[in-house]
Amino acid sequence: MNQAVIDLQDVEFAWTPAGIAVLSIDHLSIGKGERVFLKGPSGSGKSTLLNLLGGVTVPRRGTVTVLGQDLGALSASTRDRFRAEHVGYIFQLFNLVSYLSVLDNVLLPLRFSQMRRERVRQRGGPRAEAGRLITRLGLGAELLDRPATELSVGQQQRVAAARALIGGPELVVADEPTSALDADTRALFIRLLMEECASQGATLVFVSHDAALEPLFDRGIALNDINRAGRSPHVVNA
Amino acid sequence: MSSMLDLAVKSLWNRRLSVAFTLCAIAFSVTLLLGVERLRTEARTGFANTISGVDLIVGARSGGVQLLLYSVFHIGNATNNIDWRSYQDIAAQSQVAWAVPISLGDSHRGYRVVGTDPTFFEHYRFAGDHTIVFKAGGGFTTPFEAVLGADVASSLKYSTGQQIVLAHGAGDVTLMEHTNMPFHVVGILDRTGTPLDRSILVSLEGITAIHVGWEAGVPMPGLHVTDDQAMRMNLTPKTITAMMVGLKSRIATFRVQRFINDYRDEPLLAILPGATLQELWDLVGVGERMLFAVSAFVVVVGMAGLLTVLLAGLEARRREMAVLRSVGAHPRQILGLILGETAALTLAGIVLGVILLYVLILILRPVLESQWGMYIGIAPPTPRELGLLGGVFGVGLLSGLLPAWLAYHRSLADGLTVRL
């Protein structure tokens, strides 16, 4: 394994300083360019892990290191900027901002990241790059000016993937992005997502409870196995 | 933050129907607030402009406001008259430059008749230093000539040469008329925006003449005096209702006032018109202040509508906030987004409201001028009005604080995942 993109050491998270831990991970390391399947059913501490990776929250113990940067050492607004620069997210559903066009949705991260804005400029400008990405993901570039709400769920997920990828962030985190898609579309979506991550050299962390998808990835990690807190029956966090 | 403002505008545009109604509510409330402010400023100025250049108004002893009301505004009646000899005595005082007698008590089709002498036209001042201007004809010279105020002429459609008959008393019920001695109109005044517009001016001698034989309050039975006969009588009045006094020097005002208030032969009262106008405005100004308070509350109601729209949208937008967070938005930027929406909406409402106000003024100006004698200028907003608009903007931002604060805390708690 080459240089780690994600490195968690002795991490413990709870909603209150004295509360029950909802996430407790001794060690988790994901290398550059890896495509990791993170199997996490409800209650496994999945949401918490995603929030930790993006620097939205910080653990009460241990260190979360992303791209060599200890997120706990940064201020809240610096973590937000770090997320904007280096991490792309794809959610399960409702990924798009309803009042923006497809183009504006894809370009959304550029509003918050100078670095990604600059990369897109070098690749031929925002519109060209957005068009290239959604075409690569199997959508017609003519969709760019359509309102986001006119798209089908499958189309919306591809737009979300384009948004996560635009400007070449080093890490792409996908949270159940295919659960609303049918089986055929699902495999196609994952294949296209992986191809584009590979061409940009991005690391992909793909979270799902659907074990059938695991063979598509380089490596599978069961969150229940590494999260000691996740085994507790008292945990209600989804 | 500019990227958030752009998002705010797009988000508002997406909800344009509900936003449009909120915008209208804010715009209308702003128009109402400024309109009321303009009207009351205009009313106050118009009120203060009713009479000027007169140092003292003298009448029988009563209340100062009452004297002002019946002598200047022609509202109500005098309790008592002034003896003609008192008038002559006061007019002859060394500090007195001029004294214009006023005799009230008759009317013509609801309009008060003011008996006075020709010097009235040269001494009466209104709206600062404006003098009376004749739109047609000129002042009266003989006892049976009349000059009409602008409103009287326009609403009764009279012109010079018209014959009019005065009625005894002032009211709308059928009154006894001085049919034996008609007056004819020799002049029509330009609009003044004062009660003068609704008055008919005649000479004191005319008033005296039509009351020959009316000493008991009704005509003596069997007595029929023609105007020719009256003209041959001594038409010097025995009493008048009030008088306007101009002094040679303002410094003497209080001395002359005291002299009149302590007058030996009959109980008299002298008032300073400016001071009593202020006193009267303090009385009637309550309504004006109430109107202002109501319009201010309408603004608050408009803002409550804004708050409702923002709050209603907030729950549905939790996903949107999580998406914005995921692409790197700080919770403070989420706060900025909601505040930006509020600011944009309030600002648009204010601009729309001000435009609406000027359109309304343009449309209503002729009506206000002809019906109420109010002149509303198309002036740019005064500093006070700008202050009011600033206040409206402040209230708008304030009402945006609650939803913005809610969105801020939810986005902190929700993070990237919303539990729906």
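This is a predicted model: local features need pLDDT of at least 70, side-chain atom pairs count only at pLDDT 80 or more; totals for chains, interfaces and linings use all residues.
In strand β4 of chain A, V64(A) is the residue that stands opposite L8(A). Residues are numbered from 1 along each chain as its sequence is written, while chains are lettered from A and ligands numbered from 1 in the order in which they are written.

**Strands side by side**

Helices (H or I, at least four residues) and strands (E, at least two) are DSSP runs, numbered from the N terminus. Two strands pair if DSSP finds at least two bridges between them.

| Strands | Direction | Bridges |
|---|---|---|
| β1(A) and β4(A) | antiparallel | 5 bridges |
| β4(A) and β5(A) | antiparallel | 2 bridges |
| β3(A) and β8(A) | parallel | 5 bridges |
| β7(A) and β8(A) | parallel | 5 bridges |

**A covered strand**

Now look at β8(A). Is this strand mostly covered or mostly exposed? It is mostly covered, with 6 of its 6 residues buried. A residue is buried if 20 or more other C-beta atoms lie within 10 Å of its own, exposed if 12 or fewer, and partly exposed in between, with C-beta atoms placed from the backbone. T203(A), V205(A) and V207(A) point one way, L204(A), F206(A) and S208(A) point the other way, and all are buried. In a regular strand the side chains alternate between the two faces of the sheet.

From β7(A) the chain crosses through helix α7 (residues 183-200) of chain A to β8(A), in a right-handed β-α-β crossover. Right-handed here means that, with the strands pointing away from the viewer, the path from the first strand over the helix to the second runs clockwise.

**A covered helix**

Helix α1 (residues 46-53) of chain A is also mostly covered, with 8 of its 8 residues buried. Its cover includes β1(A), β2(A), β4(A), β7(A), β8(A) and α8(A). After α1(A) comes G55(A), whose phi is positive, near 75°.

**Chain A as a whole**

Chain A has 8 helices and 9 strands. Its radius of gyration, taken over C-alpha atoms, is 17 Å, close to the 18 Å that the globule rule (2.2 Å times the number of residues to the power 0.38) gives for 238 residues, so chain A is as compact as a globular protein of that length. Buried residues make up 47% of the 238 residues.

Two residues are in contact if their C-beta atoms, placed from the backbone, lie within 7 Å.
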